[in-house]
Number of protein chains: 2
Amino acid sequence: MAAMNPAFETAEIIAVGSELLTAHRIDSNSLFLTGVLNELGLTVRMKHVVGDQTADLRAILRTALSRSDVVIVTGGLGPTDDDLTRNAVADELGCPLIEVPEILARISEQFSRRGVPMPAINRRQAQVITGARWLANANGTAPGQLIETDGRIVVLLPGPPRELQPMFEADVVPAIATRTGGRRLRRRVVKTTGRSESQIEELAQPVYSQFVRQVPAIDTTILASPGLVELHLSCSGSDERVLDAALDAGVAQLQGALGDVAFSVDGRPIEEVVGRALHARGWRVAAAESCTGGLLMQRLTDVAGSSAWVQGGVVAYANEVKVEALGVNPRDIESHGAVSIPVARAMAEGVRTRFGADIGVSITGIAGPAGGSAEKPVGTVVIAVASDRCDVREFRFPGDRAMVRSFSVSAALDMLRRHVTA
Amino acid sequence: MAAMNPAFETAEIIAVGSELLTAHRIDSNSLFLTGVLNELGLTVRMKHVVGDQTADLRAILRTALSRSDVVIVTGGLGPTDDDLTRNAVADELGCPLIEVPEILARISEQFSRRGVPMPAINRRQAQVITGARWLANANGTAPGQLIETDGRIVVLLPGPPRELQPMFEADVVPAIATRTGGRRLRRRVVKTTGRSESQIEELAQPVYSQFVRQVPAIDTTILASPGLVELHLSCSGSDERVLDAALDAGVAQLQGALGDVAFSVDGRPIEEVVGRALHARGWRVAAAESCTGGLLMQRLTDVAGSSAWVQGGVVAYANEVKVEALGVNPRDIESHGAVSIPVARAMAEGVRTRFGADIGVSITGIAGPAGGSAEKPVGTVVIAVASDRCDVREFRFPGDRAMVRSFSVSAALDMLRRHVTA
């Protein structure tokens, strides 16, 4: 009979717990749940966090059930007074709680296995909403609950991730999977660098604005952070091959419009793209950094296996280090300044030679807040990449210290990428 | 007339953006906003995330306005088609948008200062809800908006934290502060390193368990991340001097119980504590890193003004760099391994001497996933600090690559702190 119901499309997640409404804690369970729900072809329509307040939870639950097919409530299943999810959901659905002897026996046994008598307050964890299926908890005392109501599903899950995740995979996924009408959602991410969000939008919008009109339609979202603009494509339907083919074609069209500012279409970060390109050429890289203070090396070595292509680097914060460790000519620093094309070039060539690397990269700049001048304001950064030839570029980055450092590293990784793949 | 209204008590936060409903992104702005709202004496009642869907945003906004005094909407103020917050809120409040010439002029000027013409799509960022006060954005193009409606406040803020945070502090906090009836919440953070969460709990619990019984009562929360355990104290009431005095006494008691594992009680991170201690002694530091790949240097140079105490550093990923750039004896590497006490010591002493620094610090270890052995498994890290004397310690850190790197840097900063202040 389930096949008669319309297929599930949307889910909504409600995290319960006053501690999630402080400045220190965040609901991270929803990331895991969203990933699994998306793979099942469901879109997460909204997420909510409510405190330990029955009225608030009931209000959110009511509106969630009015618009979403699957409503997942996490947390508030513990044994204490402020664990009110069981009661609030039972009241909202108009189904009383009943004690299940089998659950009570399991909880008592879990305690006696630890040599502890079951505290009386844990008894309420054996209460289940009438008509619900209870879900065994292998890693804790609180069972989950799954209720079908008016063709929708409400799921109650314990808050701790190590209890929630296996329970969701084992008992909830199969229950939802029979109700998705075979729908699946597939995704692609096109990553770009070296252009602003609006510049990418101008290049890509004429392409992706057509995506919503085709069959299957592709949704596109733009995400920007300093030095990185991503286009997220998603497409849902029943035939994964059709979805993948549509996404492949869409990605290819975007690549055509974006050219070489698109550096990755398979999720890889630029430091991994650079690493693989270096590795393919058999090159090892060395870096000389000033204002970025090690951030470039850190990104390069974030990639597992990077010891195969990273030789090492120098953080040359003081000018005497630029001279002593990298062989920069002190007269170049005197006449052009430490943030200048000749010094950047000498740093890249110096670190390449002295570290026995195939390619050297350097960053010298003014990250701020102090150190700027009229001629070279905060945000002025010079980057060089040297192999048997040398590329040098001067940039003027916006933002504060952290942003200038972040932009600088992205630009250096992009210059490296272009140099190595040229 | 504002004094006639009842004091504000509750706030609700709505984050807008389909990207926040994926498995990869989380709304972290609400943590910052919650912290500041709590200091103003407001409780955050609920948090929501909605996608780029006008109907969904309007539905949540409607219910939020029915129950909370302050409603903060973040994100969706960008220039693109899917940035719909301006229009959705205007429609829900029944107040049309109007273009403000002054904002348009500011946005054009921001582009021309970067030597770029303003893209046509940015024009919509100059639209403001009738009756709203617009809030200048020092770090981006999207202005914020603040609307008073029926004795409540609705605030629209741009999504990027570096735009949202200063705008909230400068323009929104003063507007809310006049309406809180004088209630305040004050906080302190005691930061510790080098001990696990349960070790800190054992030392601190006898002290802070008394805090809830005193007047004014102090709430204590423990937060742990690799290499850092924080005790967050908070206290609310109407007289800030009474609150501050209670917190000062509480912090002093905790410091007594924790001893020198507590490195900061004023919010400063350990890299700043280390930096100030170096600066006070007139010392300059140089670092030699292997498995942390620049992360230590990056932390040291994250502090504004760090060029006064950071000389520079070497990332010695390859063994030949350890030999050539740092003067490590290749026979030490051969007989003891690159991750060993003699090599760590030689790296710290080498970088100190070669970089002309007063103090050298080194990290050599196995961050994984590969490179471990039975004798030296993944997580084995040796750290040395050398001035006219040398401290060396071997650690065995738990966790994956990122965690081992993070623990290593925390431990190195702590060894530096103890060496410099000894």
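Four salt bridges cross the interface of chain B and chain A in this predicted model. One of them joins R405(B) to D302(A), with N and O 3.2 Å apart. Polar contacts between chain B and chain A number 26 residue pairs. On the side of chain B that touches chain A, at least two residues each come from helix 1, strand 2 (43-50), helix 2 (54-67), helix 9 (295-301), strand 14 (310-315), helix 10 (319-324) and helix 13. Strand 2 of chain B gives the largest share of that side, seven residues. In total, 65 residues of chain B and 63 residues of chain A take part in the contact. The size of an interface is often expressed as accessible area lost when the parts come together. Here chain B and chain A bury about 5,100 Å² between them. Carbon and sulfur atoms account for 58% of that area.

Side chains of opposite charge can pair when their charged atoms come close. Over all chains, the structure holds 45 salt bridges. In chain A, E92(A) pairs with R62(A), the closest N and O atoms being 2.9 Å apart. E92(A) lies in helix 3 (residues 85-93) and R62(A) in helix 2 (residues 54-67), so the bridge links parts of chain A that are 30 residues apart. R62(A) is partly exposed, at 46% relative accessibility. A further salt bridge joins R123(A) and E99(A), at 2.8 Å from N to O. R123(A) sits in the loop between helix 4 and strand 5 of chain A, and E99(A) in strand 4 (residues 97-99), so this pair ties together parts 24 residues apart in sequence. Both ends are partly exposed: R123(A) at 44% relative accessibility and E99(A) at 34%.

R186(A) and D244(A) form another salt bridge, their closest N and O atoms lying 3.0 Å apart. The pair ties together parts that are 58 residues apart in sequence, because R186(A) lies in strand 9 (residues 184-192) of chain A and D244(A) in helix 7 (residues 240-258) of chain A. R186(A) is partly exposed, at 27% relative accessibility. D244(A) is buried, at 19%. Shared partners join R184(A), R186(A), R188(A), E240(A), D244(A) and D248(A) into one network of salt bridges.

Aromatic pairs were also examined. Six are found over all chains. F32(B) and F168(B) form an edge-to-face pair, with 6.1 Å between centres and 75° between planes. F32(B) belongs to helix 1 (residues 29-39) of chain B and F168(B) to helix 5 (residues 161-177) of chain B, so the pair ties together parts 136 residues apart in sequence. F32(B) is buried, with a relative accessible area of 18%. F168(B) is buried too, at 0%.

The rings of F397(B) and F407(B) are stacked, because their planes meet at 5° and their centres are 5.4 Å apart. F397(B) lies in the loop between strand 17 (390-396) and helix 13 (401-421) of chain B, and F407(B) in helix 13 of chain B. F397(B) is buried at 11% relative accessibility, and F407(B) is buried at 18%. In chain A, ring pairs link F395(A), F397(A) and F407(A) into a cluster.

Charged groups also lie over rings. The charged end of R281(A) sits over the ring of W283(A), 4.2 Å from its centre. In chain B, R281(B) lies over the face of W283(B), at 4.2 Å from the ring centre.

R114(A) is placed in the loop between helix 4 (101-113) and strand 5 (127-129) of chain A. R114(A) is exposed, at 58% relative accessibility. The C-alpha atoms of R114(A) and Q255(A) are separated by 59 Å. These two residues are 141 residues apart along the chain.

How values were computed. Residues numbered from 1 in each chain as written. Chains lettered and ligands numbered in written order. Predicted model: local features only at pLDDT ≥ 70, side-chain atom pairs only at ≥ 80, totals over all residues. Heavy atoms only, no water. Phe/Tyr/Trp six-rings, centres within 6.5 Å; stacked < 30°, edge-to-face > 60°. Helix = DSSP H or I, 4+ residues; strand = E, 2+ residues; numbered from the N terminus. Buried < 20%, exposed > 50% of the residue type's maximum accessible area, 1.4 Å probe, protein only. Lys NZ or Arg CZ within 6 Å of the ring centre and 35° of its normal. Contact = heavy atoms within 4.5 Å. Buried area = accessible area lost by both parts, 1.4 Å probe. Salt bridge = Lys/Arg side-chain N within 4 Å of Asp/Glu carboxyl O. Polar contact = N/O pair within 3.5 Å; in protein donor to acceptor, adjacent residues only side chain to side chain.
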